[in-house]
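Welcome! Please keep the structure open while you read, and try to find each feature as it comes up.

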Amino acid sequence: MKTLVMDASKSDTWVSRSLAAVWHPCTQMKHHEGMPLVAITHGKGPWLYDDRNRAILDCISSWWTNLFGHSNPFINQAIQAQLEKIEHVMLAGFTHQPVIELSEQLAALSNHQLGHAFYASDGASAVEIALKMSHHYWRLAGKPDKNTFVCLRNSYHGETLGALAVTDVPLFRNAYGALLSDVFSVMSPDSRQATHGESANDVALRAAHELETLLQREHHRIAALIIEPLVQCAGQMAMHSPQYLRLARALCDQYGVHLIADEIAVGCGRTGRFFACEHAEIWPDFITLSKGISGGYLPLSLCLTTDAIYNAFYSDETARGFLHSHSYTGNPLACAAALACLELFKTEQVLEKNRDRARDLRAAFLWTHDDPRIEHSRQQGMILAFDIRASALPNPNAFARDVFSLGIQEGLLIRPIGSTVYVMPPYILNTEQTMAMGQGIRSVLDRILPIPSPS
Ligand SMILES: *Cc1c(COP(=O)(O)O)cnc(C)c1O
């Protein structure tokens, strides 16, 4: 009989078996000829352990999902307790305590502006829901021509066909262009575009002007503007001023266009507030959440919306309803994990303590501010990023993979996006661990990038 326990003497076997049978995501599989595939056996807190029992610090929260560490005793216990009650039940015609309490708590977190929660499993599905709801709302309101969307350049909203249509990352969308519906894209407020003397607010204003010009001309065809508030994460952690969110909200109101805030990556305290939109003191018509909402435990996503949208669908007619579904909608185990996370936010004063953690993060990467190989060192709450200058990159195509491989050797999980290096750690690192992460990343970069001689 085959053993289910990974054993060090078999580690090469695990990797080769995986490469033969598992098609890994977001990966050119042939690159694994030169890049390690790491077999993880267990995790504890910020640490992942591989089949050789090497400890790897999870600097990017396992693709931005993990908030409170791996194998967190409190979340484990909440899932186990739920498992004893009911693992899953369909959510059409049925309801259960975890989904009710989670929806109520999210409504309260939105100051009761977004009091209706529709559930799915992955982030991209929540984006599909927001897009469909927005267009369907306008149809119900007698404006069926409002059937297209606006996204920002360099946006990322997921990779199913609807979400990919509003994603502006050529590497992800080029091969599928023929399958995607047409959308409008407008200038990103990415503050790295500031020209000499311009502030981040000036860039936001320029971007909002471009949006206004488009809305003026095309608002009768546009259902919604979709944005990633404050940080376009997959778009090289491009950051912008909250002023853009205020301007976009005002323009959407003026032209009768919905605002969808995709907070799948930036929600759940990542930027310093629970919702990133709170930095601008605005509420969108839709918020999508996923990734951190279940603490990185189970696939859970949702789309929050307003009374106005909800009421437009409320009718005696079946076809006026929102007839969308996923089999695992509102899964009780995933909702129980999410409720445990929200409980931790309260009992552990996470948002308050993250202010200190964000300060540690800044201190740990202070060296990036005067390293001649680096530009645009930037931070928003628990996300810190910087770019390697083109002139300092010996091999741009292999940079991200080289950093990943050397990072694993140094005991760090880091995965640059192009020439952007970033960290997005779970909310549990102490000062020492944060400083060690900063120094570890510095020494990885020193092994790849020639250190310029002092002039
Ligand atoms: C990750 C991400 C998504 C897609 O979520 P999946 O769970 O990977 O489908 C959508 N929008 C943003 C902003 C994301 O970062």
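This briefing covers helix packing and then the spaces inside the protein.

The model you are looking at is predicted. Two packed helices are described by the angle between their axes and the distance between the axes. That pair of values is a handy place to begin with each helix pair below.

**Helices α12 and α14**

- Helix α12 covers residues 350–364 and helix α14 covers residues 431–448; their axes lie 8 Å apart, at an angle of about 30 degrees.
- Angles under 35 degrees count as roughly parallel, so α12 is roughly parallel to α14.
- The crossing of α12 past α14 is right-handed.
- On the α12 side, the contact is made by D360, L361, A363 and A364, while α14 brings T431, T434, M435, M437 and G438.
- Sorted by class, the residues of this contact between α12 and α14 are five nonpolar, three polar and one charged.

**Helices α13 and α14**

- Helix α14 also packs with helix α13, which spans residues 396–409: the two axes come within 10 Å and cross at roughly 125 degrees.
- Because of that angle, α13 counts as oblique to α14.
- Here too you can look for the handedness: α13 and α14 make a right-handed crossing.
- From α13, the residues F399, D402, V403, L406, G407 and Q409 meet V444, L445, R447 and I448 of α14.
- The contact of α13 with α14 contains six nonpolar, two polar and two charged residues.

**Helices α3 and α11**

- Helix α3 (residues 73–83) and helix α11 (residues 332–347) cross at roughly 145 degrees, and their axes come within 9 Å.
- The α3 and α11 crossing is right-handed.
- In α3, look for F74, I75, A78, I79, Q82 and L83; they meet P332, L333, A336, A337, A340, C341, E343 and L344 in α11.
- Twelve nonpolar residues take part in the contact of α3 with α11, along with one polar and one charged.

**The second largest pocket**

- The second largest pocket holds about 820 Å³ of space.
- Its lining is made up of 30 residues, and those closest to the centre of the pocket are L91, A117, F118, Y310 and F322.
- Which element gives the most to the lining of the second largest pocket? Strand β4 does, with four residues.
- The pocket lining includes 16 nonpolar and 13 polar residues, plus one charged residue.

**The cavity**

- How many cavities of 30 Å³ or more are there? The count comes to one.
- The largest cavity has about 50 Å³ of space.
- Its lining is formed by W64, L67, E263, I264, A265, G267, C268, R270, S290, G292, I293 and Y427.
- Among the residues lining the largest cavity, seven are nonpolar, three are polar and two are charged.

Key: Residues numbered from 1 in each chain as written. Predicted model: local features only at pLDDT ≥ 70, side-chain atom pairs only at ≥ 80, totals over all residues. Heavy atoms only, no water. 1 Å grid on protein atoms, 1.4 Å probe; cavity = no way out; pocket = protein on both sides within 12 Å on 5 of 7 lines; lining within 4 Å. Points joined across faces, edges and corners; volume = space filled by probe spheres on them. Helix = DSSP H or I, 4+ residues; strand = E, 2+ residues; numbered from the N terminus. Nonpolar A, V, L, I, M, F, W, Y, C, P; charged D, E, K, R; others polar. Axes fitted to C-alpha atoms, helices over the stretch in contact; angles between N-to-C directions. Parallel < 35°, antiparallel > 145°, perpendicular 65-115°, else oblique. Left-handed = near helix turned anticlockwise from the far one by under 90°. Contact = heavy atoms within 4.5 Å.
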